[in-house]
Amino acid sequence: MECNVFEIAVSESADLSQLRPELLQHAQQCFRCSGLLEDFQTIARKARKLASVEPARDLWGDIRAQLEREGLIQTELRPAAQAARGVRDRSADAVPAPRLVHSAPRSR
Ligand SMILES: [Zn+2]
């Protein structure tokens with residue numbers, strides 16, 4: 001097996017623990033590809049940990065309040081502007097879309 005065939009097969013593998021025997025055999029014989037396989041396994045292991053990390057609660061309310069206090073966003077609805085556009089965005093009924101006021105942090 002050539003290294004490029006191994007690289008493609010490993011990079012497209014959904015489950016590195018289920019690699020075909022000929023791929024594992026190549027990794028055992030090829031220093032370069034065994035290193036590549038280890039890298040992919042490390043990435044997959046870290047990605048699984050990341051996937052299981054979730055915020056304990058919905059943090060958007062706190063983040064939005066902080067951004068409003070700092071004047072970075074404004075969340076009040078503007079009915080006149082919406083009426084002028086003639087199309088009402090229904091998602092705005094539930095949660096006002098934040099409007100970015102400053103794109104760069106203020107200097108202190
Ligand atoms: Zn190789």
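Trainee: In which helix is the place of Glu7?

Mentor: This is a predicted model, in which local features need pLDDT of at least 70, side-chain atom pairs count only at pLDDT 80 or more, and totals for chains, interfaces and linings use all residues. Residues are numbered from 1 along each chain as its sequence is written. Helices (H or I, at least four residues) and strands (E, at least two) are DSSP runs, numbered from the N terminus. The helix that holds Glu7 spans residues 3-11 and is α1.

Trainee: Is Glu7 buried, partly exposed or exposed?

Mentor: A residue is buried if 20 or more other C-beta atoms lie within 10 Å of its own, exposed if 12 or fewer, and partly exposed in between, with C-beta atoms placed from the backbone. Glu7 has 15 other C-beta atoms within 10 Å, so Glu7 is partly exposed.

Trainee: With which residues is Leu36 in contact, leaving aside its neighbours within four places in sequence?

Mentor: Leu36 belongs to helix α3, residues 31-52. Two residues are in contact if their C-beta atoms, placed from the backbone, lie within 7 Å. Once the neighbours within four places in sequence are set aside, the contacts of Leu36 are Glu7 and Val10.

Trainee: How far apart in space are Leu36 and Glu7, C-alpha to C-alpha?

Mentor: Leu36 counts as partly exposed because it has 17 C-beta neighbours inside 10 Å. In sequence, Leu36 and Glu7 are 29 residues apart. In space, their C-alpha to C-alpha distance is 7.7 Å.

Trainee: Is Arg32 buried or exposed?

Mentor: Arg32 is also placed in helix α3. Arg32 and Cys3 are 29 residues apart in sequence and 8.3 Å apart in space, C-alpha to C-alpha. There are 11 other C-beta atoms within 10 Å of Arg32, so Arg32 is exposed.

Trainee: Why does helix α4 lie largely in the open?

Mentor: Helix α4 covers residues 60-69, ten residues. It is followed by Gly71, whose phi is positive, near 75 degrees. Helix α4 lies largely in the open because the number of its residues that are buried is zero.

Trainee: Which element of the chain has the lowest mean pLDDT?

Mentor: pLDDT is the predictor's confidence in each residue, from 0 to 100. The chain averages 79, and 64% of the residues score at least 70. Among the elements, helix α2 (residues 21-29) has the highest mean, 95. The lowest mean, 54, belongs to residues 91-94, helix α6.

Trainee: What pattern does the chain follow along the sequence?

Mentor: The chain has six helices and two strands. Read along the sequence, their pattern is α-α-α-α-β-α-α-β.
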